[in-house]
Amino acid sequence: METPNAPNPEAAAPPNAAAELNRRLGALLGRVAAGDQAAFAEFYQLTSRRVYGMARRVLIDAELSEDTTQEVFLQVWQNASKFNADAGSPLAWLMTISHRRAVDKVRSSQSASDREARYGATSQEIDHDSVSDEVGSRLEAEAVVRCLDTLTDTQQESVRLAYYGGLTYREVAEKLNAAVPTIKSRIRDGLIRLKTCLGVS
């Protein structure tokens, strides 16, 4: 849902305004496909709040949402010629790109954190021939444990159950008697904090 104070051409205008907006966006995309920078700037002005709003709902984190918004509009600039009006409206096309980008960002973040957690857990169990290797691995494992301690109790509990316990979002939600979206949010925020603590880019 749009931010109450943000201009929303579809909500603020008469019912045929949505069709008018999509006609305008379709015309702009045609010009963007031809490399028209002014058309791209106008397209951005008309749609950037929506794209950022979509990213923010999925990612929560403002900085990640801004990065995703930039990536979406870069994709629009590069692929405007691929828009097919017969397949749907320009706005629907744009929001589909936005949602996919945001979801990809979440998966990428979780995958990186998952690898770190798995590495930290297994590095404690491997016998090393070299004393320096063993010390390095133990320090990395300790870093994961130390960074886990920087999470809130609810984030820590959710992340441990999901990544060390191997439970799904739904299973974690049932175990902690919480809603699935709440658990997803806790884990996402916890993973972002873990990445920051571990210095993972």
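User: How do you know that Lys 105 is buried or exposed in this model?

Analyst: The model is predicted, and the value for Lys 105 is computed from it: a relative accessible area of 17%. Buried means under 20%, so Lys 105 counts as buried.

User: Where does Lys 105 lie, and which residues does Lys 105 touch?

Analyst: Lys 105 is part of helix H5. Leaving out residues up to four places away in sequence, Lys 105 touches Leu 59, Leu 64, Asp 67, Thr 68 and Glu 71.

User: Which residues make the contact of H2 with H3, and what kinds are they?

Analyst: From H2 come Leu 21, Arg 24, Leu 25, Leu 28, Leu 29, Arg 31 and Val 32. They meet Ala 39, Phe 40, Glu 42, Phe 43, Leu 46, Thr 47 and Arg 50 in H3. By kind, the residues are nine nonpolar, one polar and four charged.

User: What makes H3 oblique to H4?

Analyst: The axes of H3 and H4 cross at roughly 140° and come within 8 Å. Roughly antiparallel needs an angle over 145 degrees, so H3 and H4 are classed as oblique. This crossing is right-handed.

User: Which residues are in the contact of H3 with H4?

Analyst: Among them are Phe 40, Phe 43, Tyr 44 and Val 51 of H3, and Val 72, Phe 73, Val 76 and Trp 77 of H4. The residues of this contact divide into 13 nonpolar, six polar and two charged.

User: What is in the largest nonpolar core?

Analyst: The largest nonpolar core has 19 residues, and Leu 25, Leu 29, Phe 43 and Val 76 have the most contacts inside it. Two or more residues come from each of helix H2 (17-33), helix H3 (37-59), helix H4 (62-79) and helix H5 (90-122). A second, separate core has 14 residues, including Val 172, Ala 173, Val 180 and Ile 183.

User: Which residues is Leu 25 in contact with?

Analyst: Apart from neighbours within four places in sequence, Leu 25 is in contact with Phe 43, Leu 46, Thr 47, Pro 90 and Leu 91.

Key
Residues are numbered from 1 along each chain as its sequence is written. This is a predicted model: local features need pLDDT of at least 70, side-chain atom pairs count only at pLDDT 80 or more; totals for chains, interfaces and linings use all residues. Side-chain values use heavy atoms; hydrogens and water are left out. A nonpolar core is a set of buried Ala, Val, Leu, Ile, Met, Phe, Trp, Tyr and Cys residues joined through side-chain atoms within 4.5 Å. Buried means under 20% relative accessible area, exposed over 50%, partly exposed in between (1.4 Å probe, protein chains only). Helices (H or I, at least four residues) and strands (E, at least two) are DSSP runs, numbered from the N terminus. Contact means heavy atoms within 4.5 Å. Ala, Val, Leu, Ile, Met, Phe, Trp, Tyr, Cys and Pro count as nonpolar, Asp, Glu, Lys and Arg as charged, and the others, Gly among them, as polar. Axes are lines fitted to C-alpha atoms, for helices over the stretch in contact, and angles run from 0 to 180 degrees between N-to-C directions. Angles under 35 degrees count as roughly parallel, over 145 as roughly antiparallel, 65 to 115 as roughly perpendicular and the rest as oblique. A crossing is left-handed if the near helix is turned anticlockwise from the far one by less than a right angle, and right-handed if clockwise.
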